[in-house]
Every structure is written in structure tokens, then in C-alpha cells.
Amino acid sequence: MVTIGEAFVPVEGVIFTTSEVKLKIGNDVVPSRGSLYLTERACIWSCEERNSSISIPWPRVGVQAISSEPDEGVFVMLDINLVWPGFYQGQPENNGNAHPEDEEGENDEGHESDASEAAMTEMWFQPGNAQTVSDIYQAMRACQSLNPGSDVSEDDYMEAEVDELDEVGEMRNLQLDDEDKFADAEE
């Protein structure tokens with residue numbers, strides 16, 4: 001769960017910290033800079049000037065990347081529609097369309113609907129020093145690796161396939177020459 005509250009400095013599991021970080025959420029920029037804390041469990045931005053903070057658990061971070069737009073920083077996409085009173089109001093459901101059922105043919109087969117897109121929030125962490133961007137990104141990757149459910153990699157898919165094979169291991173040793181096993185089978 002994303003936690004919004006008063007400004008604080010985490011003490012447990014801190015992997016990386018930097019100050020003077022501008023936060024942009026969607027199209028809104030928080031007017032004051034804050035400190036970014038990357039911990040083993042969460043990404044935390046805290047602003048003492050506004051006495052506010054946001055703590056985002058790693059499983060909520062779906063994507064992260066180095067971005068040069070709008071400014072040099074780290075882009076993250078959350079898998080929720082964030083609402084932070086006084087800072088960010090979130091995206092309206094159905095992208096502002098009050099009657100999504102009126103749209104015919106909008107949802108191509110195999111594509112997700114606008115409702116699922118509304119459940120995402122784009123954020124940018126923009127440090128005062130552009131040389132820090134790579135450090136933030138590397139630390140985020142390290143933190144996500146400590147939370148395996150938050151970042152699905154190709155290795156995860158390979159592990160799943162191996163696990164499934166272990167479960168059906170008995171079937172690999174099935175012998176078709178035993179007529180009694182298949183006596184009631186239709187040809």
C-alpha cells in the first residue's frame with residue numbers, strides 16, 4: 001500500500017539516499033524539492049519544507065527507466081491511480097469519459113481497456129545533480145531485486161517452466177506398452 005504522510009527519514013534498510021530531488025507526478029510538479037530514500041522495501045520521497053512524504057512499496061513500481069524528458073531523471077510507473085491531496089489529484093476514471101459503454105469498437109480484441117490504463121500513475125524523480133540519475137536508477141534496480149514479486153524477469157518465467165515440469169515428472173516416465181493401463185481407452 002502506498003503511504004502518504006508527514007515528512008520523515010527512514011532508518012531501516014536504507015540502500016541509497018539523495019537530497020534536492022524534484023518530484024513530478026503526471027503533469028503536476030511538487031513545488032518544493034525533497035529527499036529520495038531507496039530502502040529494501042520502498043521508494044520514499046520526503047519533503048520537510050511541506051512536511052509531506054510518500055512511501056511506495058517496490059511491488060507497486062511496474063516500470064523504471066532513465067528519462068531525459070521533461071528533465072534528466074528517473075521515470076517510474078506505478079500500478080495504481082495515485083491521489084495525493086494537495087499535490088496530485090490522479091487521473092479521472094475512464095480517462096474522463098463518463099459513459100465508456102457508449103464507445104463501440106474502441107477496445108480492439110487483445111488490448112486492455114482504458115479503465116486499466118487509468119489505474120497507473122507516471123512519476124519522475126529529478127535530482128538537482130544530473131550525474132546522480134544513474135546512481136538512483138542502479139539503486140532502484142538493486143532494491144527491486146530484493147523484492148522478487150515486484151519485477152518479473154525472463155528468469156522468473158524459466159523457473160516457472162522448470163517447476164511445472166517437476167510437478168508432472170511422473171508423466172515423463174509413462175510407458176505406453178503396458179496394455180492394462182489403457183484397457184478401457186477408446187481407439
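Predicted model: local features only at pLDDT ≥ 70, side-chain atom pairs only at ≥ 80, totals over all residues.

Me: Which residue in β8 stands opposite Val 61?
Reply: A hairpin of five residues joins them. In β8, the residue opposite Val 61 is Leu 78.

Me: Which residue in β9 is the bridge partner of Val 76?
Reply: β8 also pairs with β9, through five bridges. These two strands run antiparallel. The bridge partner of Val 76 in β9 is Met 123.

Me: How many residues of β8 are buried?
Reply: Buried means under 20% relative accessible area, exposed over 50%, and partly exposed in between (1.4 Å probe, protein chains only). β8 is largely enclosed by the rest of the structure, because its buried count is six of the six residues.

Me: What is the pattern of helices and strands along the sequence?
Reply: The secondary structure comes to four helices and nine strands. Read along the sequence, the pattern is β-β-β-β-β-β-β-β-α-β-α-α-α.

Me: What share of the protein is made up of buried residues?
Reply: The protein exposes about 12,300 Å², with carbon and sulfur atoms supplying 45% of it. That area comes from the Shrake-Rupley method with a 1.4 Å probe; for residues, only the protein chains shown count as cover. Of the 187 residues, the buried share is 33%.

Me: How many aromatic pairs does the structure hold, and what kind is the pair of Trp 45 and Trp 84?
Reply: Rings of Phe, Tyr and Trp (its six-membered ring) pair if their centres lie within 6.5 Å; planes under 30 degrees apart count as stacked, over 60 as edge-to-face and the rest as tilted. The structure holds three such pairs. Trp 45 and Trp 84 have ring centres 6.2 Å apart and planes at 80 degrees, so this pair is edge-to-face.

Me: Why does that pair tie together separate parts of the sequence, and how many residues apart are they?
Reply: Trp 45 lies in strand β5 (residues 42-47). Trp 84 lies in the loop between β8 (73-78) and α1 (114-118), so the pair ties together parts of the sequence separated by 39 residues.

Me: Is Trp 84 buried or exposed?
Reply: Trp 45 has 0% relative accessibility, so Trp 45 counts as buried. Trp 84 has a relative accessible area of 2%, so Trp 84 is buried.

Me: What kind of pair do Phe 75 and Trp 124 make?
Reply: Their ring centres are 5.3 Å apart and their planes are at 55 degrees, so the pair is tilted.

Me: How many residues apart are Phe 75 and Trp 124?
Reply: Phe 75 and Trp 124 are both buried. Phe 75 is in strand β8 and Trp 124 in strand β9 (residues 121-127). The pair links distant parts of the chain, with a separation of 49 residues.

Me: Which charged residue sits over the ring of Trp 124?
Reply: A charge sits over a ring if NZ of Lys or CZ of Arg is within 6 Å of the ring centre and within 35 degrees of the ring normal. Here the charged end is 4.3 Å from the centre, and belongs to Lys 24.

Me: Which residue in β6 stands opposite Trp 45?
Reply: Six bridges join β5 to β6, which run antiparallel. The two form a hairpin with four residues between them, where Asn 51 in the turn has a positive phi of about 50 degrees. Opposite Trp 45 stands Ile 54.

Methods. Residues numbered from 1 in each chain as written. Heavy atoms only, no water. Pairing = 2+ DSSP bridges.
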